[in-house]
Amino acid sequence: MLLLEKLIQQAAPLNLPVIPVSGAAAAAAAVSRLVREKNPEWGDTKSVVAWQHPLIEELNLPDELAEHHIPVHMPEATPQTAVSISGQMRTQVVESFIGITAADYCLAETATLVIRSGPDQARAISLVPSIHVAVIALDQIIADLTELYALLKQEPNSGPNHLTNCMTFITGPSKTADIELNMVHGAHGPRELHLFVLIP
Amino acid sequence: MAEIRTEHYKSEARKAIKDRTLQGALADVQDRLGKGTAKAYRELPEGPGLRLKAHEIRMQAVENLDILLETLAENVRENGGKVIFAEDAAAAVTECLEIARRHEVRTVVKGKSMVTEEIGLNEALTAAGMEVTETDLGEYIIQLAGESPSHIIAPAIHKTRQQVGRLFAEKLGIPYTEDPPTLTQAARKALREKFLAADMGISGCNLACAETGHITTVSNEGNIRMATTLPRVHVAFMGMERVVARLEDHDILFRLLARGAAAQHMAGYISYIGGPRQPGHADGPDAFYLIIIDNGRSRILADEDFREMLCCIRCAACLNVCPVYGKIGGHSYGYPYSGPVGAVVTPLLVGIDRAKHLFMGETLCGACKDACPVDIDIPRMLLALRARLVEGDRRWNTPPGNLVEKSAYTAWSLAIRNRSLYDGLRWLSAQAQQLMTARDGMIHRLPFPFSGWTRSRDMKPLARKTFMQHWKEMQKE
Ligand code: SF4
């Protein structure tokens, strides 16, 4: 809990809301409310794209949002496709205004999410949609980079390449200060990032 | 190769000093980022001394570069990537063109990378018929304006919001506005199309990790993630010094990089990229190439005086505190690297003699060393460069310097070692300067060859009586 408090405190100045929720049902309700309240940036229709991941599947979002007619895509990897991102998935990612992912770790010290690529863990889902929603469990919060690097080296079943070919640290929403040093959120990546922490 | 305009340092600097808008922008950058960084160092739990540790880590990597680069290449290959060593700019560019041809690339999106500026990559790709789009907002602005970056981290810092507004109105066809969020949104929209359509993404590399075989890219905007995730092909360029041995070496370095570059605790996005999309993974490029560039770095490595410069992580903290950069701006330095880092790196890359104004122009005040996250002793190297310029050095194709200056100093050294000669000369100049002293008691103009001294400042004449004369009189009393 100490780490969670630290995380919330560090996230505040980054424009990164950290929302603790107890249990999957409460989390589902909170995410669903967010999806209903926010408006799409590029079109009029709402759709959501999410990882196939136990933490997210537990929320049962497709059912939760069906009554509001908001489709939830959970694309599967297609190893046989020759292009970098399969056509169907690409369309889903580009058209969705919210992308929902889990994360491997979250560093309390800097409010940083650590996300590795994987079979059902598309990199584009935390990047291309206008709003990124991340769902993590309380015990995924660790102290800082020092702890992260130590853990990465010790993970038992991570194989020789424990980083995978893409590991990304995300600290807050996308931002730029390139015009007269004015801070603006939403340069190329998500304009908003919401972090839900599942408390058992 | 990037165009080398280091010879125009003086005239460019003079222009820059008169440019009111630029002066305002530079003052703003230094006031905000320079001070912010100093504060961020002070607030480090380990204190500003952490920079010494970072220096050690970087220096160790530089001293073991051969082994680290081999390990890195081996591991990237194991991850499924291809690694190419390029001896100079031309070789690096040719390799990239060849990759583009092989993958039938027509459109390219780029993340900000200084080393690709150094090798002049954009011009080559464009000449080969490709459409190249810079995607960092600042780089995008200057690409649209047809200019070159004036700051390593904030490339368009010399442009006002009004200028950007007019530029976007003209080039993107949006209604004129000078509201930064609206302008950013316009660029976001235009560039999103480019990202989604691009065949190839190009990035630099902040600090590779040898033991795991990954490069890292750092940004706040997310543009580099876009450029390295969506296109079919990813080509990363890295100066050969940008590697560390172990994963945990990144711990201190990333924390300091964020503080040095933008007074942040952590950059918005850091990605470790080790190769193309792994089999079975959801997305990522089909092909990954890492081009490791020497382009003069081996020569720097071989020279013990300058080896330390290879520790540099191009964070731009030194620009944000340099009193010279703060007045003359980035363009005066005539090469992609500006400020204190440019004053050392550029001469080492393009020629000590050719870029001599850059290191002669710095003040040796030492602010850069205190701001540097890896504690590089830039003032020491500025002096070493000056020494090389005077003494000449065959390894650097530098002939011995100005003979007139040298004989003047030899004469001076003779004169101050001979009491009566010295006194005589002093008496003579005291007489001569009486003629030159204006009514306000200052000398406004010295005759040639000393006239340069008084071009921009007044000089106080020598005191009527010397210290020795005073001393003798006091002894008598
Ligand atoms: S010399 Fe130091 S402060 Fe300057 S860019 Fe390099 S690392 Fe940063």
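Q: Which residue forms a salt bridge with Lys110(B), and how far apart are the closest N and O atoms?

A: Start with the general idea: side chains of opposite charge can pair when their charged atoms come close. In this predicted model, Lys110(B) pairs with Glu134(B), and the closest N and O atoms are 2.9 Å apart. The two come from distant parts of the chain, 24 residues apart: Lys110(B) belongs to strand β2 (residues 107–110) of chain B, and Glu134(B) to strand β3 (residues 131–134) of chain B.

Q: Are Lys110(B) and Glu134(B) buried or exposed?

A: Both Lys110(B) and Glu134(B) are buried.

Q: What does Glu241(B) form with Arg297(B), and where do the two sit?

A: That's another salt bridge, with the closest N and O atoms 2.9 Å apart. Glu241(B) lies in the loop between β7 (233–239) and β8 (243–244) of chain B, while Arg297(B) is in helix α13 (residues 297–302) of chain B, 56 residues apart. Buried means under 20% relative accessible area. Glu241(B) has 2% relative accessibility, so it counts as buried. Arg297(B), with a relative accessible area of 3%, is buried too.

Q: Which residues do salt bridges that share partners join into one network?

A: Take one pair to begin with: Asp393(B) forms a salt bridge with Arg388(B), the closest N and O atoms being 2.8 Å apart. Asp393(B) and Arg388(B) are both buried. Through shared partners, salt bridges tie Asp303(B), Asp305(B), Arg388(B), Asp393(B) and Arg395(B) into one network. Over all chains, the structure holds 38 salt bridges.

Q: How many of those salt bridges are between chain B and chain A?

A: The count between the two chains is four. One of them brings together the side chains of Glu248(B) and Lys153(A), at 2.7 Å from N to O.

Q: What area is buried between chain B and chain A?

A: The size of an interface is often given as the accessible area lost when the parts come together. Here that comes to about 5,700 Å², with carbon and sulfur atoms giving 54%. If you'd rather count residues, 74 of chain B are in contact with 60 of chain A.

Q: Which element gives the most to the side of chain B that touches chain A?

A: Several elements supply at least two residues each, among them α2 (20–42), α9 (161–172), α10 (180–197) and β9 (269–273) of chain B. The most comes from α10(B), with 11 residues. By class, the residues on this side of chain B split into 30 nonpolar, 25 polar and 19 charged.

Q: Which strand of chain A do bridges join to β9(B)?

A: Five bridges connect β9(B) to strand β9 (residues 166–170) of chain A, and the two run antiparallel.

Q: Why is β9(B) largely enclosed by the rest of the structure?

A: Think about the faces: in a regular strand the side chains alternate between the two faces of the sheet. In β9(B), Tyr269(B), Ser271(B) and Ile273(B) lie on one side, Ile270(B) and Tyr272(B) on the other, and all are buried. The strand is largely enclosed because five of its five residues are buried.

Terms used
Residues numbered from 1 in each chain as written. Chains lettered and ligands numbered in written order. Predicted model: local features only at pLDDT ≥ 70, side-chain atom pairs only at ≥ 80, totals over all residues. Heavy atoms only, no water. Contact = heavy atoms within 4.5 Å. Buried area = accessible area lost by both parts, 1.4 Å probe. Helix = DSSP H or I, 4+ residues; strand = E, 2+ residues; numbered from the N terminus. Nonpolar A, V, L, I, M, F, W, Y, C, P; charged D, E, K, R; others polar. Pairing = 2+ DSSP bridges. Buried < 20%, exposed > 50% of the residue type's maximum accessible area, 1.4 Å probe, protein only.
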